[in-house]
Amino acid sequence: TLSSQFGVSIDEAAKLSFNVAETASALGLADGEAAKLFGSFMDIGGLTAGQAEDLIKSTGALAAMNGVAPRAVLQDIAGSAESMARLFQEGSDSLVESSIAARKLGVNLDSVVGAMKSSLDFQSSVSSELEASAILGRRINLTRARQLALEKDSIGFQKEIVKQLGSQVDFQRMSFIEQDALAKATGFTVEQIAKMVGETEKLTMQSALAGRSFEEILGTDGLG
């Protein structure tokens, strides 16, 4: 996989095979998934093999520290070449934090990046925002979310979207038309929003019990 997909020489791929297998075993990944992570971090991120291995292991540890399944986060990153390419420019921390934050909300990295891209179709986004506001009978304001998407601040974008969703009870009481309008405006599917409002309720409760803000709970601990 490393040589065929990422242009790693056959000799180097052979040398890395043990590291890939060891990392896969430690984190519960298939060898192919671990190889894809190594290759993507080396190819897209410009990391050395050692740096890629360290990043993979630290990502797994950070996910566990934040109560998110390491395997799920790493699988999201491994399967998100476009998202990785878009977010790695902001640094590996941004990519890792974004993926963990998305999982905390019950979605994945690709769905967040897809919503960010959708919000940057300004004419369509503003039109959907106004339509949703009219249908829901309350103001939906995605101006800040669009700005954050433009800045490639994916964690800030997620937090801003959550502010517009309302509570889980509110969402469950909406008609099909209202749910569809909210989904269209935010760039997520109805199913994804249902997961997000449900997980937000849990995170809000955690934040209250821990004496911390929702933003702190949604963010990632351990990066310093």
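Visitor: Why does Glu 129 count as buried?

Guide: Buried means under 20% relative accessible area, with exposed over 50% and partly exposed in between (1.4 Å probe, protein chains only). Glu 129 has 3% relative accessibility, so it counts as buried. Bear in mind that this is a predicted model: local features need pLDDT of at least 70, side-chain atom pairs count only at pLDDT 80 or more, and totals for chains, interfaces and linings use all residues. Residues are numbered from 1 along each chain as its sequence is written, and side-chain values use heavy atoms, leaving out hydrogens and water.

Visitor: Where is Glu 129 found, and what is Glu 129 in contact with?

Guide: Glu 129 sits in helix 9 (residues 122–136). Helices are DSSP runs of H or I, at least four residues, and strands are E runs of at least two, numbered from the N terminus. Contact means heavy atoms within 4.5 Å. Setting aside neighbours within four places in sequence, Glu 129 touches Arg 139, Ile 140, Asn 141, Leu 142, Thr 143, Arg 146 and Ala 185.

Visitor: How many helices and strands does the protein have, and how much of it is buried?

Guide: You get 15 helices and 0 strands, and buried residues account for 46% of the 224 residues.

Visitor: What makes helix 4 and helix 5 oblique to each other?

Guide: Axes are lines fitted to C-alpha atoms, for helices over the stretch in contact, and angles run from 0 to 180 degrees between N-to-C directions. Under 35 degrees is roughly parallel, over 145 roughly antiparallel, 65 to 115 roughly perpendicular, and the rest oblique. The axes of helix 4 (residues 49–65) and helix 5 (residues 70–78) cross at roughly 130° and come within 8 Å. Helix 4 and helix 5 are therefore oblique.

Visitor: Which residues in helix 4 and helix 5 meet, and how do they divide by class?

Guide: Ile 56, Thr 59, Gly 60, Ala 63 and Ala 64 in helix 4 pack against Pro 70, Val 73, Leu 74 and Ile 77 in helix 5. That contact has 7 nonpolar, 2 polar and no charged residues. Ala, Val, Leu, Ile, Met, Phe, Trp, Tyr, Cys and Pro are the nonpolar ones, Asp, Glu, Lys and Arg the charged ones, and the others, Gly among them, are polar.

Visitor: Why is helix 3 called oblique to helix 4?

Guide: Helix 3 (residues 31–43) and helix 4 have axes that come within 9 Å and cross at roughly 120°. That makes helix 3 oblique to helix 4.
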